[in-house]
Amino acid sequence: MRYVKLDRVRALKALRRPSSACSEGADEWHASLVNPEGDSYSRTQTIRNESDRLARILGATKRTNQYGDYLSLRCWCAEPPQYSPDLRALKLLMPEAPHEIADPEQWLFLDTETTGLAGGSGTYAFLVGIAWWEGGGLEIEQFFMREYSEERSLLLALRERIAEHPVLITFNGKSFDWPLLETRYRMSRKVSVPTPRAHLDFLHPARNLWRLRLGSVRLSELERHVLGWDRGADLLSGLIPQIYFDYLRGGPPERLVPVLNHNQMDLRGLAALSSRILSLLSDAENLGQDGLELFGVSRICEKRREHTRARKLYEKSIASVLPAETDRPARRSLALLAKREGDFELACELWKDALGNSRHGYEAYEQLAIYYERNARDPEQARQVVRQALDELRRAIQVGNIAPGPYREIKARFDRRMERLERKSKRPLLDALAAQSQA
(Lines give C-alpha, C1' and ligand atoms only; values in the text may rest on other atoms or scores of the structure.)
Protein backbone atom coordinates (compact mmCIF):
# COMPACT_ATOMS: atom_id res chain seq x y z
CA MET A 1 0.00 0.00 0.00
CA ARG A 2 1.33 3.45 -0.90
CA TYR A 3 0.60 6.97 0.28
CA VAL A 4 0.01 9.40 -2.57
CA LYS A 5 2.40 12.35 -2.58
CA LEU A 6 1.04 15.75 -1.61
CA ASP A 7 1.43 17.25 -5.08
CA ARG A 8 -0.86 14.62 -6.60
CA VAL A 9 -3.88 14.81 -4.30
CA ARG A 10 -7.18 16.61 -4.01
CA ALA A 11 -8.84 18.53 -1.22
CA LEU A 12 -9.85 16.95 2.05
CA LYS A 13 -13.31 18.37 1.41
CA ALA A 14 -13.74 15.70 -1.22
CA LEU A 15 -13.29 13.11 1.49
CA ARG A 16 -16.35 14.04 3.51
CA ARG A 17 -19.26 11.69 3.44
CA PRO A 18 -21.52 11.00 1.69
CA SER A 19 -19.16 11.90 -1.12
CA SER A 20 -16.12 11.83 1.20
CA ALA A 21 -14.11 8.70 1.58
CA CYS A 22 -10.40 8.26 1.60
CA SER A 23 -9.83 6.31 -1.57
CA GLU A 24 -10.12 2.56 -1.48
CA GLY A 25 -7.48 2.14 -4.18
CA ALA A 26 -3.92 1.28 -3.27
CA ASP A 27 -2.52 4.32 -5.07
CA GLU A 28 -4.90 6.74 -3.33
CA TRP A 29 -4.40 5.63 0.23
CA HIS A 30 -3.35 9.11 1.34
CA ALA A 31 -5.68 12.07 0.87
CA SER A 32 -4.50 15.65 0.84
CA LEU A 33 -5.79 18.56 2.82
CA VAL A 34 -4.78 21.08 0.16
CA ASN A 35 -7.35 23.58 -1.07
CA PRO A 36 -7.95 22.83 -4.79
CA GLU A 37 -8.65 26.47 -5.57
CA GLY A 38 -4.98 27.38 -5.21
CA ASP A 39 -5.82 30.99 -4.36
CA SER A 40 -3.03 33.46 -3.61
CA TYR A 41 -3.45 35.37 -0.35
CA SER A 42 -1.53 38.06 1.46
CA ARG A 43 0.71 36.87 4.30
CA THR A 44 0.38 40.04 6.34
CA GLN A 45 -3.06 39.48 7.79
CA THR A 46 -3.45 38.51 11.43
CA ILE A 47 -4.37 35.01 12.56
CA ARG A 48 -7.90 36.09 13.41
CA ASN A 49 -8.46 37.67 10.01
CA GLU A 50 -7.03 34.61 8.28
CA SER A 51 -9.12 32.06 10.17
CA ASP A 52 -11.60 31.69 7.31
CA ARG A 53 -8.79 31.29 4.85
CA LEU A 54 -7.15 28.62 7.01
CA ALA A 55 -10.43 26.73 7.23
CA ARG A 56 -10.80 26.83 3.44
CA ILE A 57 -7.24 25.68 2.85
CA LEU A 58 -7.62 22.77 5.24
CA GLY A 59 -11.19 21.92 4.32
CA ALA A 60 -12.02 22.42 8.01
CA THR A 61 -15.13 23.53 9.85
CA LYS A 62 -15.20 26.01 12.71
CA ARG A 63 -16.79 24.46 15.78
CA THR A 64 -17.99 26.24 18.90
CA ASN A 65 -18.68 25.05 22.43
CA GLN A 66 -18.99 26.75 25.80
CA TYR A 67 -15.30 27.66 25.82
CA GLY A 68 -15.09 29.12 22.33
CA ASP A 69 -14.02 28.07 18.84
CA TYR A 70 -11.68 25.52 17.31
CA LEU A 71 -11.28 23.94 13.88
CA SER A 72 -12.45 20.42 13.14
CA LEU A 73 -11.55 18.26 10.14
CA ARG A 74 -13.40 15.02 9.42
CA CYS A 75 -12.94 12.25 6.90
CA TRP A 76 -13.69 8.56 6.56
CA CYS A 77 -11.18 6.05 5.18
CA ALA A 78 -11.83 2.58 3.83
CA GLU A 79 -8.22 1.63 4.52
CA PRO A 80 -7.30 0.20 6.94
CA PRO A 81 -10.46 -1.88 7.30
CA GLN A 82 -12.12 -2.36 10.66
CA TYR A 83 -10.67 -5.15 12.78
CA SER A 84 -12.37 -7.04 15.61
CA PRO A 85 -9.69 -8.10 18.10
CA ASP A 86 -9.47 -11.40 19.94
CA LEU A 87 -9.88 -10.94 23.69
CA ARG A 88 -7.16 -13.53 24.31
CA ALA A 89 -4.69 -11.49 22.29
CA LEU A 90 -5.69 -8.30 24.10
CA LYS A 91 -5.20 -9.97 27.46
CA LEU A 92 -1.59 -10.67 26.49
CA LEU A 93 -1.07 -6.92 26.34
CA MET A 94 -3.25 -5.94 29.29
CA PRO A 95 -4.18 -8.87 31.54
CA GLU A 96 -6.29 -6.82 33.94
CA ALA A 97 -8.15 -4.88 31.27
CA PRO A 98 -11.97 -4.94 31.21
CA HIS A 99 -13.82 -7.01 28.61
CA GLU A 100 -14.88 -3.81 26.83
CA ILE A 101 -11.47 -3.62 25.20
CA ALA A 102 -12.56 -6.38 22.83
CA ASP A 103 -15.35 -4.14 21.46
CA PRO A 104 -13.78 -2.23 18.54
CA GLU A 105 -16.52 0.43 18.69
CA GLN A 106 -15.12 1.47 22.09
CA TRP A 107 -11.69 2.21 20.63
CA LEU A 108 -10.35 5.71 20.12
CA PHE A 109 -7.02 6.08 18.30
CA LEU A 110 -5.16 9.19 19.39
CA ASP A 111 -2.09 11.08 18.17
CA THR A 112 -1.00 14.63 18.93
CA GLU A 113 1.20 17.25 17.32
CA THR A 114 2.76 19.53 19.90
CA THR A 115 4.82 22.67 20.36
CA GLY A 116 7.73 20.62 21.69
CA LEU A 117 8.92 17.03 21.74
CA ALA A 118 10.25 17.08 25.30
CA GLY A 119 6.86 17.62 26.94
CA GLY A 120 6.52 19.65 30.11
CA SER A 121 4.00 22.17 31.37
CA GLY A 122 4.90 24.71 28.66
CA THR A 123 4.17 22.32 25.79
CA TYR A 124 0.81 22.56 24.01
CA ALA A 125 -0.96 19.98 21.88
CA PHE A 126 -2.06 22.31 19.10
CA LEU A 127 -3.39 19.45 16.93
CA VAL A 128 -5.15 16.40 18.35
CA GLY A 129 -5.99 13.66 15.89
CA ILE A 130 -8.46 10.97 16.85
CA ALA A 131 -10.05 8.11 14.94
CA TRP A 132 -12.52 5.34 15.54
CA TRP A 133 -13.92 2.38 13.64
CA GLU A 134 -17.12 3.17 11.79
CA GLY A 135 -18.85 1.73 8.76
CA GLY A 136 -16.16 -0.90 8.24
CA GLY A 137 -13.42 1.73 7.99
CA LEU A 138 -11.78 4.49 9.98
CA GLU A 139 -13.46 7.78 10.86
CA ILE A 140 -10.83 10.47 11.45
CA GLU A 141 -11.32 13.77 13.22
CA GLN A 142 -8.63 16.36 13.84
CA PHE A 143 -8.96 19.23 16.34
CA PHE A 144 -6.79 22.26 15.61
CA MET A 145 -6.35 25.36 17.74
CA ARG A 146 -5.54 28.49 15.76
CA GLU A 147 -4.16 30.19 18.85
CA TYR A 148 -3.57 29.28 22.47
CA SER A 149 -6.87 30.78 23.62
CA GLU A 150 -8.70 27.97 21.81
CA GLU A 151 -7.14 25.25 23.95
CA ARG A 152 -10.06 24.86 26.35
CA SER A 153 -12.59 24.41 23.56
CA LEU A 154 -10.32 21.81 21.93
CA LEU A 155 -9.88 19.93 25.21
CA LEU A 156 -13.63 19.88 25.83
CA ALA A 157 -14.25 18.47 22.34
CA LEU A 158 -11.68 15.74 22.96
CA ARG A 159 -13.21 14.95 26.35
CA GLU A 160 -16.58 14.39 24.69
CA ARG A 161 -15.08 12.00 22.16
CA ILE A 162 -13.32 10.01 24.89
CA ALA A 163 -16.64 9.65 26.69
CA GLU A 164 -18.08 8.11 23.49
CA HIS A 165 -15.07 5.83 22.86
CA PRO A 166 -13.40 5.18 26.24
CA VAL A 167 -10.69 2.69 25.18
CA LEU A 168 -7.63 4.73 24.23
CA ILE A 169 -5.25 3.37 21.56
CA THR A 170 -1.88 5.07 21.06
CA PHE A 171 1.71 4.59 19.93
CA ASN A 172 3.98 5.82 22.72
CA GLY A 173 0.93 7.55 24.16
CA LYS A 174 1.47 6.33 27.70
CA SER A 175 4.85 8.04 27.83
CA PHE A 176 4.15 11.18 25.80
CA ASP A 177 0.73 12.02 24.34
CA TRP A 178 -1.54 11.17 27.24
CA PRO A 179 0.62 12.60 30.09
CA LEU A 180 0.93 15.80 28.06
CA LEU A 181 -2.83 16.03 27.56
CA GLU A 182 -3.46 15.32 31.24
CA THR A 183 -1.15 18.22 32.07
CA ARG A 184 -3.00 20.52 29.65
CA TYR A 185 -6.37 19.55 31.16
CA ARG A 186 -5.12 20.33 34.67
CA MET A 187 -3.58 23.61 33.61
CA SER A 188 -6.80 24.67 31.87
CA ARG A 189 -8.49 24.75 35.31
CA LYS A 190 -11.85 24.47 33.56
CA VAL A 191 -12.08 21.13 31.74
CA SER A 192 -11.75 18.07 33.96
CA VAL A 193 -9.35 15.32 32.94
CA PRO A 194 -11.18 12.51 31.12
CA THR A 195 -10.70 8.96 32.40
CA PRO A 196 -10.32 6.33 29.67
CA ARG A 197 -11.68 2.89 30.49
CA ALA A 198 -8.39 1.39 29.30
CA HIS A 199 -5.26 2.52 27.46
CA LEU A 200 -3.43 0.26 25.00
CA ASP A 201 -0.02 1.52 23.88
CA PHE A 202 1.22 -0.47 20.88
CA LEU A 203 4.79 0.82 21.01
CA HIS A 204 5.75 -1.80 23.59
CA PRO A 205 4.53 -4.92 21.73
CA ALA A 206 6.01 -3.46 18.53
CA ARG A 207 9.41 -3.35 20.23
CA ASN A 208 9.08 -6.98 21.28
CA LEU A 209 8.09 -8.07 17.80
CA TRP A 210 10.28 -6.06 15.44
CA ARG A 211 13.08 -4.20 17.18
CA LEU A 212 15.52 -7.07 16.70
CA ARG A 213 14.84 -7.09 12.97
CA LEU A 214 14.48 -3.37 12.26
CA GLY A 215 16.40 -1.60 14.99
CA SER A 216 14.09 1.40 14.73
CA VAL A 217 10.44 0.99 15.65
CA ARG A 218 9.29 4.40 14.49
CA LEU A 219 5.76 4.17 13.17
CA SER A 220 6.81 5.12 9.63
CA GLU A 221 9.46 2.36 9.65
CA LEU A 222 6.94 -0.20 10.85
CA GLU A 223 4.54 0.87 8.11
CA ARG A 224 7.22 0.37 5.48
CA HIS A 225 8.72 -2.91 6.68
CA VAL A 226 5.81 -4.60 8.47
CA LEU A 227 2.70 -3.30 6.71
CA GLY A 228 4.27 -2.77 3.29
CA TRP A 229 3.13 0.86 3.08
CA ASP A 230 5.05 3.80 1.67
CA ARG A 231 4.26 7.27 2.99
CA GLY A 232 6.11 8.94 0.19
CA ALA A 233 6.95 12.55 1.01
CA ASP A 234 6.35 13.07 4.73
CA LEU A 235 7.22 15.77 7.21
CA LEU A 236 9.93 15.21 9.80
CA SER A 237 8.42 15.34 13.28
CA GLY A 238 11.15 17.65 14.52
CA LEU A 239 10.03 20.39 12.11
CA ILE A 240 6.41 20.47 13.27
CA PRO A 241 6.73 22.77 16.33
CA GLN A 242 8.55 25.45 14.33
CA ILE A 243 5.93 25.35 11.56
CA TYR A 244 3.21 26.05 14.12
CA PHE A 245 5.22 28.84 15.75
CA ASP A 246 5.73 30.42 12.32
CA TYR A 247 1.98 30.23 11.70
CA LEU A 248 1.25 31.95 15.04
CA ARG A 249 3.58 34.77 14.01
CA GLY A 250 1.59 35.32 10.82
CA GLY A 251 3.29 32.83 8.55
CA PRO A 252 1.48 31.21 5.62
CA PRO A 253 -1.13 28.67 6.75
CA GLU A 254 -0.34 26.50 3.72
CA ARG A 255 2.66 25.15 5.63
CA LEU A 256 0.27 23.53 8.10
CA VAL A 257 -1.09 21.21 5.41
CA PRO A 258 1.77 18.65 5.68
CA VAL A 259 1.42 18.74 9.48
CA LEU A 260 -2.20 17.64 9.35
CA ASN A 261 -1.40 15.09 6.64
CA HIS A 262 1.37 13.68 8.85
CA ASN A 263 -1.02 13.38 11.78
CA GLN A 264 -3.59 11.61 9.62
CA MET A 265 -0.95 9.17 8.37
CA ASP A 266 0.03 8.39 11.95
CA LEU A 267 -3.57 7.62 12.88
CA ARG A 268 -4.09 5.32 9.94
CA GLY A 269 -0.75 3.64 10.49
CA LEU A 270 -1.57 3.11 14.16
CA ALA A 271 -4.94 1.55 13.32
CA ALA A 272 -3.40 -0.83 10.79
CA LEU A 273 -0.47 -1.71 13.05
CA SER A 274 -2.75 -2.50 15.98
CA SER A 275 -4.67 -4.91 13.75
CA ARG A 276 -1.44 -6.57 12.61
CA ILE A 277 -0.11 -6.95 16.17
CA LEU A 278 -3.34 -8.40 17.55
CA SER A 279 -3.71 -10.79 14.61
CA LEU A 280 -0.18 -12.01 15.24
CA LEU A 281 -0.73 -12.42 18.98
CA SER A 282 -3.93 -14.32 18.27
CA ASP A 283 -2.45 -16.78 15.74
CA ALA A 284 1.33 -16.44 15.54
CA GLU A 285 1.66 -20.11 14.65
CA ASN A 286 0.08 -19.46 11.24
CA LEU A 287 0.53 -15.71 10.72
CA GLY A 288 4.13 -15.28 11.87
CA GLN A 289 6.19 -14.23 8.85
CA ASP A 290 9.59 -15.23 10.24
CA GLY A 291 11.38 -16.61 13.28
CA LEU A 292 11.93 -13.16 14.77
CA GLU A 293 8.19 -12.49 14.90
CA LEU A 294 7.63 -15.87 16.52
CA PHE A 295 10.40 -15.11 19.00
CA GLY A 296 8.73 -11.79 19.85
CA VAL A 297 5.36 -13.41 20.48
CA SER A 298 7.11 -16.08 22.57
CA ARG A 299 8.57 -13.44 24.86
CA ILE A 300 5.17 -11.78 25.30
CA CYS A 301 3.55 -15.13 26.11
CA GLU A 302 6.29 -16.01 28.57
CA LYS A 303 5.90 -12.65 30.31
CA ARG A 304 2.17 -13.33 30.73
CA ARG A 305 2.91 -16.84 32.06
CA GLU A 306 1.44 -18.65 29.07
CA HIS A 307 4.36 -21.06 29.30
CA THR A 308 3.01 -23.88 27.16
CA ARG A 309 2.35 -21.63 24.18
CA ALA A 310 5.62 -19.77 24.73
CA ARG A 311 7.57 -23.03 24.62
CA LYS A 312 5.93 -24.11 21.36
CA LEU A 313 6.67 -20.76 19.76
CA TYR A 314 10.29 -20.75 20.97
CA GLU A 315 10.76 -24.19 19.42
CA LYS A 316 9.22 -23.03 16.16
CA SER A 317 11.29 -19.85 16.06
CA ILE A 318 14.54 -21.78 16.65
CA ALA A 319 13.61 -24.27 13.94
CA SER A 320 13.19 -21.38 11.49
CA VAL A 321 16.92 -20.53 11.91
CA LEU A 322 17.26 -17.34 13.92
CA PRO A 323 20.23 -14.96 13.77
CA ALA A 324 22.93 -16.00 16.24
CA GLU A 325 22.34 -13.02 18.55
CA THR A 326 18.66 -14.02 18.84
CA ASP A 327 19.10 -17.79 18.73
CA ARG A 328 21.05 -17.78 22.01
CA PRO A 329 18.39 -16.03 24.14
CA ALA A 330 15.67 -18.12 22.45
CA ARG A 331 17.44 -21.35 23.43
CA ARG A 332 18.04 -20.02 26.94
CA SER A 333 14.36 -19.21 27.40
CA LEU A 334 13.31 -22.56 25.95
CA ALA A 335 15.70 -24.38 28.30
CA LEU A 336 14.27 -22.58 31.34
CA LEU A 337 10.71 -23.38 30.26
CA ALA A 338 11.67 -27.02 29.68
CA LYS A 339 13.22 -27.10 33.16
CA ARG A 340 10.04 -25.60 34.62
CA GLU A 341 8.00 -28.39 33.02
CA GLY A 342 10.42 -31.11 34.17
CA ASP A 343 11.80 -31.84 30.69
CA PHE A 344 15.41 -32.04 31.82
CA GLU A 345 16.48 -34.00 28.77
CA LEU A 346 15.71 -31.07 26.47
CA ALA A 347 16.98 -28.52 28.98
CA CYS A 348 20.34 -30.26 29.36
CA GLU A 349 20.71 -30.62 25.61
CA LEU A 350 20.17 -26.88 25.16
CA TRP A 351 22.53 -25.99 28.01
CA LYS A 352 25.29 -28.20 26.65
CA ASP A 353 24.98 -26.54 23.24
CA ALA A 354 25.28 -23.09 24.87
CA LEU A 355 28.45 -23.70 26.93
CA GLY A 356 31.21 -21.19 26.28
CA ASN A 357 32.68 -17.81 27.11
CA SER A 358 29.57 -15.64 27.11
CA ARG A 359 26.91 -14.55 29.55
CA HIS A 360 24.58 -17.27 28.29
CA GLY A 361 27.46 -19.75 28.20
CA TYR A 362 28.34 -19.32 31.88
CA GLU A 363 24.66 -19.41 32.81
CA ALA A 364 24.44 -22.75 30.96
CA TYR A 365 27.38 -24.08 33.01
CA GLU A 366 25.61 -22.99 36.17
CA GLN A 367 22.27 -24.53 35.19
CA LEU A 368 23.95 -27.85 34.33
CA ALA A 369 25.72 -27.87 37.68
CA ILE A 370 22.43 -27.22 39.46
CA TYR A 371 20.76 -30.05 37.56
CA TYR A 372 23.47 -32.59 38.41
CA GLU A 373 23.57 -31.48 42.04
CA ARG A 374 19.84 -31.25 42.79
CA ASN A 375 18.02 -33.41 40.26
CA ALA A 376 20.44 -36.09 39.15
CA ARG A 377 21.97 -36.30 42.65
CA ASP A 378 25.41 -36.57 41.10
CA PRO A 379 27.69 -34.09 42.91
CA GLU A 380 30.79 -35.43 41.18
CA GLN A 381 29.34 -34.60 37.76
CA ALA A 382 28.32 -31.18 39.09
CA ARG A 383 31.92 -30.57 40.24
CA GLN A 384 33.21 -31.47 36.78
CA VAL A 385 30.90 -28.92 35.20
CA VAL A 386 32.07 -26.24 37.65
CA ARG A 387 35.72 -27.09 36.91
CA GLN A 388 35.03 -26.71 33.19
CA ALA A 389 33.48 -23.31 33.84
CA LEU A 390 36.47 -22.17 35.91
CA ASP A 391 38.88 -23.42 33.21
CA GLU A 392 36.86 -21.49 30.59
CA LEU A 393 37.07 -18.36 32.73
CA ARG A 394 40.82 -18.76 33.24
CA ARG A 395 41.45 -19.04 29.50
CA ALA A 396 39.17 -16.08 28.77
CA ILE A 397 40.92 -13.73 31.21
CA GLN A 398 44.37 -14.80 30.00
CA VAL A 399 43.61 -13.86 26.39
CA GLY A 400 41.52 -10.82 27.29
CA ASN A 401 38.17 -12.21 26.17
CA ILE A 402 36.43 -11.15 29.37
CA ALA A 403 36.64 -7.93 31.37
CA PRO A 404 38.07 -8.06 34.91
CA GLY A 405 34.79 -7.02 36.55
CA PRO A 406 32.57 -9.74 35.07
CA TYR A 407 35.42 -12.24 35.50
CA ARG A 408 35.63 -11.64 39.26
CA GLU A 409 31.85 -11.77 39.67
CA ILE A 410 31.37 -15.02 37.72
CA LYS A 411 34.43 -16.66 39.27
CA ALA A 412 33.23 -15.86 42.78
CA ARG A 413 29.88 -17.45 42.00
CA PHE A 414 31.48 -20.69 40.74
CA ASP A 415 33.98 -20.73 43.63
CA ARG A 416 31.12 -20.65 46.13
CA ARG A 417 29.36 -23.47 44.31
CA MET A 418 32.54 -25.55 44.24
CA GLU A 419 33.02 -25.06 48.00
CA ARG A 420 29.49 -26.21 48.64
CA LEU A 421 29.93 -29.27 46.42
CA GLU A 422 33.21 -30.14 48.15
CA ARG A 423 31.50 -30.01 51.54
CA LYS A 424 28.76 -32.28 50.22
CA SER A 425 31.27 -34.80 48.91
CA LYS A 426 33.05 -34.94 52.30
CA ARG A 427 29.86 -35.34 54.31
CA PRO A 428 29.35 -39.10 53.61
CA LEU A 429 32.95 -39.81 54.62
CA LEU A 430 32.59 -37.82 57.81
CA ASP A 431 29.32 -39.58 58.61
CA ALA A 432 30.98 -42.96 58.06
CA LEU A 433 33.90 -42.05 60.32
CA ALA A 434 31.49 -40.84 62.97
CA ALA A 435 29.57 -44.09 62.79
CA GLN A 436 32.79 -46.12 63.16
CA SER A 437 33.87 -44.11 66.17
CA GLN A 438 30.53 -44.69 67.86
CA ALA A 439 30.75 -48.42 67.16
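Me: Why is Cys75 called buried in this predicted model?
Reply: Buried means under 20% relative accessible area. Cys75 has 3% relative accessibility, so Cys75 counts as buried.

Me: What makes Cys348 buried or exposed?
Reply: The cut-off for buried is under 20%. Cys348 has 8% relative accessibility and therefore counts as buried.

Me: How many disulfides does a search of the whole structure find?
Reply: The search finds 0 disulfides. A pair of cysteine sulfur atoms within 2.5 Å would be needed to call one.

Me: What share of the protein chain is buried?
Reply: Buried residues make up 50% of the 439 residues. The accessible surface comes to about 20600 Å², and 47% of that belongs to carbon and sulfur atoms.

Me: How many helices and strands does the protein chain have?
Reply: There are 16 helices and 7 strands.

Me: What is the strand order in the open sheet?
Reply: The sheet has 7 strands in the order E1-E2-E5-E4-E3-E6-E7, with mixed pairing.

Me: Why do strands E1 and E7 stand at the edges?
Reply: Strand E1 (61-65) and strand E7 (198-201) each have a single partner strand, so one side of each is left without a neighbour in the sheet. On average, neighbouring strands of this sheet are turned by 30° against each other, direction ignored.

Me: What makes E4 and E5 a pair?
Reply: Pairing takes at least two bridges between the strands. Strand E4 (residues 125-134) and strand E5 (residues 137-144) are joined by 8 bridges, so they pair. They run antiparallel. Trp133 stands opposite Leu138 in E5.

Me: Which helices lie across strands E3 and E4?
Reply: Helix H3 (residues 151-164) lies across E1, strand E2 (68-77), strand E3 (107-114), E4 and E5. H3 runs at about 20° to E4. Helix H4 (residues 173-188) lies across E3, E4, strand E6 (167-170) and E7. H4 runs at about 80° to E3.

Me: What share of contacts joins residues at least 24 apart?
Reply: Among contacts between residues at least 6 apart in sequence, the share is 66%.

Me: What is the average pLDDT of the protein chain?
Reply: The average is 85, and 85% of the residues score at least 70.

Terms used: Residues are numbered from 1 along each chain as its sequence is written. This is a predicted model: local features need pLDDT of at least 70, side-chain atom pairs count only at pLDDT 80 or more; totals for chains, interfaces and linings use all residues. Side-chain values use heavy atoms; hydrogens and water are left out. Buried means under 20% relative accessible area, exposed over 50%, partly exposed in between (1.4 Å probe, protein chains only). Helices (H or I, at least four residues) and strands (E, at least two) are DSSP runs, numbered from the N terminus. Axes are lines fitted to C-alpha atoms, for helices over the stretch in contact, and angles run from 0 to 180 degrees between N-to-C directions. Contact means heavy atoms within 4.5 Å. Accessible areas come from the Shrake-Rupley method with a 1.4 Å probe; for residues, only the protein chains shown count as cover. pLDDT is the predictor's confidence in each residue, from 0 to 100.
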